[in-house]
Amino acid sequence: MKVLVIGSGGREHALVWKLRQSNRVERVYCAPGNGGICAAAECVASDLHSLDSMLEAAHRIQPDLTVVGPEGPLSLGVVDEFRRRGLRIFGPTASAARLESSKSFAKEFMYRHRIPTARYAICDSADDVRKNLDQFTGHIVVKADGLAAGKGVVIARNREEAVAAATDMLTGKMVGEAGARVVLEEFLEGDELSFLVLSDGERVTPLVAAQDHKRVGDGDTGPNTGGMGAYCPAPLATPELLDTIDREVLVSTVHAMKRGRRPFRGVLYAGIMVTPQGPRVLEYNCRFGDPETQPLLMRLRTDLLDLLDAAVDERLDEFEGKLEWDPRPAVCVVMASGGYPGAYEKGLVVRGLAEAARLPDVKVFHAGTRLEGDRVLTDGGRVLGVTALGETLADAQRRAYEAVACISF
């Protein structure tokens, strides 16, 4: 089979790496790819903001299956357009992907279908924000309604900070068009968990739970990012807790989407806050997480292509209770450019990759890199996802940081 992966980040590098391990895969392409992906797949120029560009790449390649990595193409309707042309593609339609592309849609959906989540208010103006603040006490979470690459969330300590953050979003100052509408939420105390499942529109096949870290600084400090690292499995995720989340959140979501004539086929990722009152949904993502995918796929032993094929063909029941995992934990450490998630420099030479690659049970996934001759240069905020397996989480963390110490830019 020929497989096309759409995207250019660390998640896509991990998908390419894992798909290449399938004995059914003849060739892997990536549009547009990055400096690391080009060593594992044939990279094809493509604009992820243009349906025509992505369709043109697929027309040239004629893949047997396309796998969509990032959320942007999903919200544009790449799945709808590929299917319209008879191309097999893994991912939800634009209508189903609204669970991620619109925070207000997701909150109203959860409220309507009694899926546990935080109290909220949807606001279209600064006046709306001020009027709705009375229903919240203490910290207040302010979220941009649209896609903001993980940077559209502010935890305000008081009303003044909430109004300021919401105003910056509504005026386009913070996250552009993504902030044309904002959602206010009550602040939930607890530990956050990422739980991913595959869905074929009828049923779900759980993957493993992971934990990621959004804030840029050590000790969970600084502004939110797209994710600074992740590990799995998460000790917090007991079988009883995962069963509750699977039943009350993910299965309920897939069934409700089907009843609403928005059948969900693809990866459904629930960001869960585990509170003293039980699990609460913080957000949905409609694709593999980044950087959760990197440690998750390091541990997956089942053929990924077989799983994605089954989801597309509505036969995930064949894999019920049959997924195989490496028993060892995995940890991913993101190496980012100085200044990220704010302004940062591009074009720095990345050194030490070969030395890191020689370490056992370590894989360096490229996120924001490009090739210039035989040199790898930085080309994004999150540059690398250094991922390692270990006998324990602490051992995996030690191995990952041993590899990090080999690399500089």
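## Cavities

Grid points are joined across faces, edges and corners, and a volume is the space filled by probe spheres set on the points. The structure described here is a predicted model, in which local features need pLDDT of at least 70 and side-chain atom pairs count only at pLDDT 80 or more, while totals for chains, interfaces and linings use all residues. Residues are numbered from 1 along each chain as its sequence is written, and side-chain values use heavy atoms, with hydrogens and water left out.

The volume of the largest cavity is about 40 Å³. Its lining residues (those with an atom within 4 Å of a point) are D290, Q294, V334, A367, R382, L384 and G385. Strand 21 (residues 382-389) supplies the largest share of this lining, 3 residues. Strands (E, at least two residues) and helices (H or I, at least four residues) are DSSP runs, numbered from the N terminus.

## An open antiparallel sheet

Strands of a sheet pair through backbone hydrogen bonds, either parallel or antiparallel. In this model, 4 strands form an open sheet in the order 6-9-7-8, and the pairing is antiparallel. Two strands count as paired if DSSP finds at least two bridges between them. Strand 6 (120-123) and strand 8 (153-156) are the edge strands, each pairing on one side only. On average, neighbouring strands of the sheet are turned by 20 degrees against each other, direction ignored. Strand 7 (residues 140-144) pairs with strand 8 over 4 bridges in the antiparallel sense; the bridge partner of K143 in strand 8 is V153.

Angles run from 0 to 180 degrees between N-to-C directions, and axes are lines fitted to C-alpha atoms, for helices over the stretch in contact. Helix 6 (residues 103-112) touches strand 6, strand 7 and strand 9 (182-186), and its direction makes about 140 degrees with that of strand 6. Helix 8 (residues 159-170) touches strand 6, strand 7, strand 8 and strand 9; its direction makes about 0 degrees with that of strand 7.

## Aromatic rings

Rings of Phe, Tyr and Trp (its six-membered ring) pair if their centres lie within 6.5 Å; planes under 30 degrees apart count as stacked, over 60 as edge-to-face and the rest as tilted. By this rule there are 5 aromatic pairs. F105 and F109 form a stacked pair, 6.3 Å centre to centre with 20 degrees between the planes. These two residues lie 4 residues apart in helix 6 and are therefore separated by about one helical turn.

F109 also forms an edge-to-face pair with Y284, at 6.4 Å centre to centre and 75 degrees between the planes. This pair links distant parts of the chain, since F109 is in helix 6 and Y284 is in strand 16 (residues 278-285), 175 residues apart.

## Buried residues

A residue is buried under 20% relative accessible area, exposed over 50% and partly exposed in between (1.4 Å probe, protein chains only). F105 counts as buried because its relative accessibility is 10%, and F109 is buried at 2%. In helix 1 (residues 10-19), 9 of the 10 residues are buried, so this helix is largely enclosed by the rest of the structure.

G266, in strand 15 (residues 265-275), is buried with a relative accessible area of 0%. Not counting residues up to four places away in sequence, G266 touches F90, G91, V197, L198 and S199.

Methods:
Contact means heavy atoms within 4.5 Å. On a 1 Å grid over the protein atoms alone, a cavity is a set of points where a 1.4 Å probe fits but cannot get out, and a pocket is an open set with protein on both sides within 12 Å along at least five of seven lines; lining residues have an atom within 4 Å of a point.
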